[in-house]
Amino acid sequence: MLEAVVRVALFLLGMGLIFGTAYFLGFSYLERIKGNDSYNALNTIYWLARWWPKIPYWYPGQGAGVSFVWGYPMLASLLVVFVSFWQKINLTAAFRVLGFLSLPLTAVGMYIFVWRRLKNQAVSLVGAVFFLLMPLSWVWLFDWGFYAEMAACIFIFPTLLFYDRFLEGVIQVKIDLITRLNLLLAVFFSGITFATHPTVFFVIIRIAAIYSPIYLFLKRKKLRSFLVGLLPVFLLFLLSVLGVAFLVGNFQYYAGVASASAGSTLLGKEDFVAVTSIPLDMLFGFKRPEVTDFKYAVRNAVIPILVWGPAILGSILALFFSAKIFSLAVAAGISFLFLAKMEMVYFFMTKIPLASYFVGMRTEVLILRMIWPILAGFGIWAVPGLVLKLMTFWLRIKNKFLDWTLKTFKGLAAGTVTLGVAGYLIFSLADYPSTLWQRDMVRYGPGGFNIRDPFFREIDSLDADDSLPALGSETKLSLWRATGRMLLNKDYWPMADLTTDFFELGYERSGMFPYPSLREFNEQEGKNQFLRLDVSPMSGGITQTLNVYNQASMINLYTLNLNLLGTYWGYQQQVAFQENDGRLETAEEVAKWFGTKYLIYNRSGDEMTKYGQNDNWRDWDGEEADLDVLEYKESPKLWTLSQAKPAVLVIGSQEKRAYEPVFRSANKGGLPYDNFWLVQGEENLDSYSLAELKKFDVLMLFGYQTKNQVSSFRLLEDYLKSGGSVFISSGWQYVDQVWQGNSLPEFFPVESLVWTDDFNPSDQYRLDQRLIGPVEMETFGPLVWGEGGWGISAGSVLKPWAKPILKVGDRILVAGGEYKGGKIVWSGLNLVGHLHSFDYNQSEKDFLKAVFTWLSPSAGKDLSSIVSATRDFPDRIQFEFDQATDRETVFYFRESFFPSWTATIQASAGKRGNKLKIYRAGPGFKLMFLPKLEAGDSLVLEFKPGIRNLFLKFVSGATFFGLCVWVVFGKKLYLPTLIRLGERFKKTKAKAKKSWDKREEEEY
């Protein structure tokens, strides 16, 4: 009873110290929003609160449309919204409170884990307090604003606590109710961790995967135990993934769609190491970077000597005295090794599939900040604890009471010494090294906190004899006494401000929009959800906060991994805000494809001089400011309905990203927006039916492939017979399906193809104008590549129906003609690659435009004015047509393509029409072919999760249901079934043997 009272008292003392320390170190988070990315998290929260309790899948505010729910963990944001509505407090207050609590709650989890599993309250208290004292612990929240990741840390130690209890049951081969319940709780908390932030989930698995086998090996001293120790970890991982399958599956699906349009994002080894590494002298607090240093962003990622010194000692002593502590030390040691040699991390990421989930700078740092405080606590405790053990190991006390009294005395004595030593170290090492840790720099906590002066009272406010520049022992004592007096006076305590709500304060007081022009712009244009604008990449703060007040759709995107536009987004940013090719025409082409009405730009950093070349662009308010708004007066709406504007389907390699250079070439003048729709197709020609191909006016086969070449070319011939037009390339060696050969299909304009780069530099291009008309060839690039010639797939003999278009000497580069009712142009010269290699010269752009104009010369008609739109919920848009159309039309909606969107025509009479296929067009938006319409018909776009999402939810539910049933029934659940199956197997085996013996007798 006495022991329980003492432990409860120590626990209450620990909680007071933990929350008191957290408050004095981090109370400023309760006063104002801190951290670079925090406003982006707050923006997400405001968005979710707008629709609460219904949660939309789609977010149209950034990235021209993305999915928060499937692309980023939402649990932390949803929890803030829930608390706000539940407790009737504003969203900003709920955001601050939960953000602040993530630190002390993580420390409490550490305390309970160490206390219950390592049986040492002194170590647990020291570790929890040291965790809060480390500047590294606060960087994620205070400097970088990684809100979800810090919130997920709350669940690390609950997961490890229940997992370790389950592991003990496995070691003892005791899978009883308690052991099964521990597994269920471990899976539950790890699932919550994944839903809050997957990185932290993988950190838990990584720690467990190192801890379990090493602990079992040290316990049993057998190599087999090391391998066996991996099985419980695998079970935890598998059940956790299955338990949150509805998140894992959708995250992977979304990432797959996003990566289909994205380029390679992995840096080279040298760049990777330079960008992701944290120099160890900075990590250990011996060096601080200058403001101009690239590493200034990690200036507060510091583990003070208070922690790393005792942690090293604890790691060494644990090898001899604590298998569990040593197992954790190995996990931390591996992370330290990775941080010291980031080349190893790069190796794992590039050579081992899925390794990037388990290694990385953020992963390693997270492991260190969770484990090293525990090691430090053990290092401080180990010395007095071991001394007391050595002093009393020879005692043999048979009386239980006396034995308990001795053990209690030793525990209290060791604990008291441990806490005393820890307290001494906290104060004595607060400014070590003194040449580095100045008053305005990090000592402990998030920054600038002096443990000797927590209320930031200057020394000269004390007695006159204490105002000395150098603190002697008497001065320190006076300062500590003054601090003690202040602690007892609540008037000195820093008070949090939880009344501020940014949305209610408005522009002026919130500080979100300090520029008058931007505030006025939001007031006038911010309610239009079908408005497209963009924010300069140099104004990331505006990107984070704009959507709190503004319902318009911007192209810029703060959460990069949500990007569905891939490299086309980066290209748009270059053209809009930098010089790129310096042509206003290119910028206007981009604005038309993206539907950009306004550009919010930074005068001091963005290159905007090109916009002064004509009257299509104007300063929104006519006044110059550092952050200004530029309006494109000729911008189309967010949707376009067109009639007779040719649609070009680009069929090309996905791996080689064939569509991207085509789009850039088109955008720079080769296939102007006003003349053609450009649609990104599959890479295999035979992925389409003839009926589908006939929807398109032109097929562009560039870097294309076929699953069956014979049937594919038969399909292409049928398409030509139906009146279609084809541009087919053979100039991309090894990528185009046909780039050399003699037996060419009949529709090829030439008899055979020969690959060659043997050209005389003096050879001149010869243009035949009969098909495409005149083109000025003055700037057409030469057939040169480096020191050699430009490789082409040259034709020599034309088919009777074909005409040459471009030749060099007697070699045909481009030819075409009318074939069985259709038109075809073949190019043995990689026109797109050549155009790019020679700076998009005007001659080649004119040539490409002339070729496609001959293939489909129709002029389009814009019918967008007959369309009106309604969007009452982000996942559903209804476009209503005020007038009838007399033929098929093309509808282009400037919002990111994603496969879960469906398109349906609803007739004015109320009958539901057929579903339409949505194509990825332009820079990654939606395009649909509409049938003839009647006035009052509607096009409905809806985001539908589909059967995959339903199946994933079933898997998650079945996993937890099955676990709960197993927890309750245990062996009763499966043992009778196994027994029955075994008996049936024996009977079947006996019957089969009897039948076989009988057959053998008959044959004999």
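Strands here are DSSP runs of E with at least two residues, helices are runs of H or I with at least four residues, and both are numbered from the N terminus. Strands count as paired if DSSP finds at least two bridges between them.

Now step back to the sheet around that pair. Its 5 strands follow the order β2-β1-β3-β5-β4, and the sheet is open with mixed pairing. Helix α25 (residues 540-549) lies across β1 (532-535), β2, β3 (598-602) and β5, and runs at about 145° to β1. Helix α26 (residues 567-577) also packs on the sheet, where it touches β1 and β3 at a direction of about 80° to that of β1. Contact means heavy atoms within 4.5 Å, while axes are lines fitted to C-alpha atoms (for helices, over the stretch in contact), with angles from 0 to 180 degrees between N-to-C directions.

Buried means under 20% relative accessible area, exposed means over 50%, and partly exposed lies in between (1.4 Å probe, protein chains only). β8 runs parallel to strand β7 (residues 647-651), with 4 bridges joining them. The chain passes from β7 through helix α28 (residues 659-670) to β8, and this β-α-β crossover is right-handed; that is, with the strands pointing away from the viewer, the path from the first strand over the helix to the second runs clockwise. β8 also pairs with strand β25 (residues 919-921), in the antiparallel sense over 2 bridges. Q680 takes part in both pairings: V650 stands opposite Q680, and R920 in β25 is a bridge partner of Q680.

For a helix pair, look at α13 (residues 230-243) and α14 (residues 245-260), whose axes come within 5 Å and cross at roughly 80°. That makes α13 roughly perpendicular to α14, because angles of 65 to 115 degrees count as roughly perpendicular, under 35 as roughly parallel, over 145 as roughly antiparallel and the rest as oblique. V241, L242 and G243 in α13 meet A245, F246 and V248 in α14.

Some backbone details are worth a look too. The peptide bond from W52 to P53 is cis, with omega near 5°, and P53 lies in the loop between α2 (38-51) and α3 (68-71). K88 is not a glycine, yet has a positive phi of about 60°. K88 lies in the loop between α4 (75-87) and α5 (91-118) and is exposed, at 72% relative accessibility. Y734 likewise has a positive phi, near 70°; Y734 lies in the loop between β10 (725-729) and β11 (753-756) and is exposed at 63%.

How many disulfides are there? The count comes to 0, with a disulfide taken as a pair of cysteine sulfur atoms within 2.5 Å. C153 is buried at 0% relative accessible area, whereas C964 is partly exposed at 37%.

Residues are numbered from 1 along each chain as its sequence is written, and side-chain values use heavy atoms, leaving out hydrogens and water. Because the model is predicted, local features need pLDDT of at least 70 and side-chain atom pairs count only at pLDDT 80 or more, while totals for chains, interfaces and linings use all residues.
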